[in-house]
Amino acid sequence: MVALALALTALVATAACAGAVAALVWPAEAAPAGPEPTRRTNLAGRDGKNRQDGPLRVMVTGDSISQGREGDFTWRYRLWEHFRSGGVNARFVGPWTGTYVIPPAQPDEYPKVDAPISHDGAYRAGIDFPTENNAEWGWTALEAKQTIAGDVARYQPDILLVELGYNDLAYALNTPAGLVADLHTLLTRARAARPSIKVVLADVIHPTPLPGMSPDLDARISEYNALLARELPSWGTASSPVALAGLGAAYQAATDTYDGVHPGGVGEFRVARAFADALATAFGLPPYRTPIPQTVPETMPSAPQSITAVKAGGIVTVRWSHSFGAGGYVLYSRDATLGREFAPSDLPLPADSWKFVLPDPAHTFEYYVRAVHGPYLSPASPTASTARIEALPMR
């Protein structure tokens, strides 16, 4: 659901050149001082399934903030870097491995029905880490509580990191009190599947104001975060303690995101630090000592290289080649028969193709697209016309 909302509300700005990225600058905000990193803390539980000499099994359960979009580093990678630099022998576990990729097409029933969520997207080029995770674009606590027992039983994590709740509140699927109850149910079911599991629950980030969102969303998030902070201390047990990661305070959507919700390069560091700080305080793992950079290069998708417009009766299907990292596309169209100027779509389109009803099937219409990633707008694709069909390479 976050994917849809932001694909339809992304801000569009003109960009300089295809494939460009911002310079990586490393003058850094200092991390809090702390004790020297140590080797893995003994987190062996009473069920005897955690071995001191084996890797620490960590499962991230979350939504799009945790899955990430094609081309992201993801905060999971930044946490992995932290584990590695601190000498923690850790392994991420879960059913999926990839980031989210915008679909080739949305179903005819869209927006009532979305295309299936993909889990096969690539990460930023040049990085390598154990990518297993239990995070999905648009996921809610309402859904995750139904599957968590099976996920924990199958993957046997020593530590469960939970980042959920934004979608529940943003789309009015639950009240703040109801969401707290759902997270408690999720915790109880995870603990039933693994009695010694250690859990870090994150509160919910505050987004920037987004078109179409409820005006009281920020207040509901604040209410939920306060309720969670009040209730969570009573949820822990001797063998299965619970800690809070304060994303609501540590993560500033205005500066740490590329679209008002999802973490940009700097935001990924901040999310990782919030979880690492909770792990250090509650479970004795190394404190977060990685400097947070002032800037990190964001994904800037290049222009689609080809596009076709195929007319069938009064319907035209426009398809274009995929742009790596695109969060949507602005489609420009014009009635060439009448000599009109190109006009952009009102909102970015969340797929690599789109269908339209032609205002006049006897007229020739022309189209081109630009890829969107947050405020970035790529250069233009070639132009397609309903008067001709151009070859479209395989994606």
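Helix α6 passes helix α7 in a right-handed crossing; a crossing is right-handed if the near helix is turned clockwise from the far one by less than a right angle, and left-handed if anticlockwise. The model is predicted; local features need pLDDT of at least 70, side-chain atom pairs count only at pLDDT 80 or more, and totals for chains, interfaces and linings use all residues. Residues are numbered from 1 along each chain as its sequence is written, and side-chain values use heavy atoms, with hydrogens and water left out.

The axes of α6 (residues 176-193) and α7 (residues 217-231) come within 9 Å and cross at roughly 40 degrees. Axes are lines fitted to C-alpha atoms, for helices over the stretch in contact, and angles run from 0 to 180 degrees between N-to-C directions. Helices (H or I, at least four residues) and strands (E, at least two) are DSSP runs, numbered from the N terminus. The two helices α6 and α7 are therefore oblique to each other. Angles under 35 degrees count as roughly parallel, over 145 as roughly antiparallel, 65 to 115 as roughly perpendicular and the rest as oblique. On α6, P176, A177, L179, V180 and L183 make the contact. Their partners on α7 are R220, E223, Y224, L227, L228 and E231. Contact means heavy atoms within 4.5 Å.

The crossing of α3 over α10 is right-handed. From α3, the contact draws on W75, R78, L79, H82 and F83. From α10, it draws on E268, F269, V271, A272, F275, A276 and L279.

E70 lies in the loop between α2 (64-67) and α3. Its relative accessible area is 8%, so E70 is buried (under 20%; exposed is over 50%, partly exposed in between; 1.4 Å probe, protein chains only). The side chains of E70 and H322 form a polar contact of 2.9 Å. Such a contact is a pair of N or O atoms within 3.5 Å; within protein, one must be able to donate a hydrogen and the other to accept it, and residues adjacent in sequence count only if both atoms are side-chain atoms. The E70 side chain also reaches the backbone nitrogen of G325 at 2.6 Å.

S321 sits in the loop between β11 (315-320) and β12 (328-335). S321 counts as buried, at 13% relative accessibility. Its side chain reaches the backbone nitrogen of Q305 at 2.9 Å.
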